[in-house]
Amino acid sequence: MLRPVTEPTLPADPAALAAALESTGYLPDEGLATAAYLALVMHRPLFLEGEAGVGKTALARALAEVTKRPIYRLQCYEGLEASHALYDWDFGRQLLHLRAAEAAGAAERAEELEASLYDRRFLLARPLLQALEDSPSVLLIDEVDRADDEFEAFLLEVLSDFTISIPELGTVRAQTPPLVVLTSNRTREVHDALKRRCLYHWLEHPDFEREVAILRRRLPDVTEELARQVARATARLRELDLLKPPGVAEAMDWATALHALGARELDPDTAARTLGAVLKYREDTDRVHALARGALFGGG
């Protein structure tokens, strides 16, 4: 039977982890705190899905702060190859080394000279290798849904045993498996095989009171009234048929923009002038302008 592996620096339970995360400014709900705690003690990757801006990436950074681990981030994109995630050789430095050896008249045999070109000092570690070597760590694999199927299959292999084979140097194995956080905005479905390796959690947009608490915690200079009105207006925007509904990150940007303009509360005219902080598509902005702005941004 699989038993959770505990570490002295880890919070004692999900409630303790939630309190630690809150001290960093990240306010998780009970379900998310439990999922993150289990990922820590079971050494299982945590797969987070949800709309953009709900706090998936921010959770990984907060967990790194709480556990006092370095964080390595791999941003996924279409066409991402294993070499960009694992390691590469610094060909420029290798060439300089070769020329220096020739200039010095080194009497090394060809095989020895070739072997010296693949010394560890010429290796450029990418996020996956960095996370395994700098153990324990947090490895953030961001927007894995943007990568190709081939890269998913490669990730499946790495996450199965947390080892990387470098033909010229040997095998690198993490002494302590990194805390792996994979995020997905669900632009496409990620294969079940990868999800089965992970603990899964879907992040919803926070409810009204939690969003107000997040705004107040992260933006202490913003008034209580403005934070509540921004949270209320953002929730109303999410109910519309927008191309990109605003997340918590956009709500924070909006509140920051309003505060920078000296606003202490949200009124329709100021809201209309600052929509660029919360909406990112012209079609969404046009749609909101076409509606009754007072109904969207009123204080009620």
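Predicted model: local features only at pLDDT ≥ 70, side-chain atom pairs only at ≥ 80, totals over all residues.
## Helix α1

Helix α1 covers residues 14-23, and its buried residues are Leu-17, Ala-18, Ala-20 and Leu-21. When the helix is viewed down its axis, these buried residues fall within an arc of 165°, so they line one face of α1. That face has partners elsewhere in the chain: the buried residues of α1 pack against α2 (30-42) and α3 (56-67). Ala-15 and Ser-23, on the other side of α1, are exposed.

The two ends of this helix may be considered in turn. Beyond the helix comes Gly-25, which has a positive phi, near 100°.

## Helix α5

Helix α5 consists of 13 residues, numbered 91-103. The distance from its first C-alpha to its last is 18 Å, which is close to the 18 Å expected at 1.5 Å a residue.

Gln-94, His-97 and Ala-101 are buried in α5. Seen down the axis of α5, the buried residues fall within an arc of 60°, so they line one face of this helix. Leu-96, Glu-102 and Ala-103 lie on the other side of α5 and are exposed.

## Aromatic pairs

The model contains three aromatic pairs. One of them joins Tyr-87 and Trp-89: the ring centres are 6.5 Å apart and the planes stand at 80°, so this pair is edge-to-face, the term used for angles over 60 degrees. Tyr-87 and Trp-89 are both buried.

A further pair is formed by Phe-151 and Phe-154, whose ring centres are 5.4 Å apart. Their planes meet at 50°, so the pair is tilted; planes under 30 degrees apart would count as stacked. Both residues belong to helix α8 (residues 149-161), where they are three residues apart, about one turn of the helix.

## Burial of the phenylalanine pair

Are Phe-151 and Phe-154 buried or exposed? A residue counts as buried when its relative accessible area is under 20%. Phe-151 has a relative accessibility of 2% and therefore counts as buried. Phe-154 has a relative accessibility of 15%, so this residue also counts as buried.

Terms used:
Residues numbered from 1 in each chain as written. Heavy atoms only, no water. Buried < 20%, exposed > 50% of the residue type's maximum accessible area, 1.4 Å probe, protein only. Helix = DSSP H or I, 4+ residues; strand = E, 2+ residues; numbered from the N terminus. Arc of directions from axis to C-beta. Contact = heavy atoms within 4.5 Å. Phe/Tyr/Trp six-rings, centres within 6.5 Å; stacked < 30°, edge-to-face > 60°. Expected span 1.5 Å × (residues − 1).
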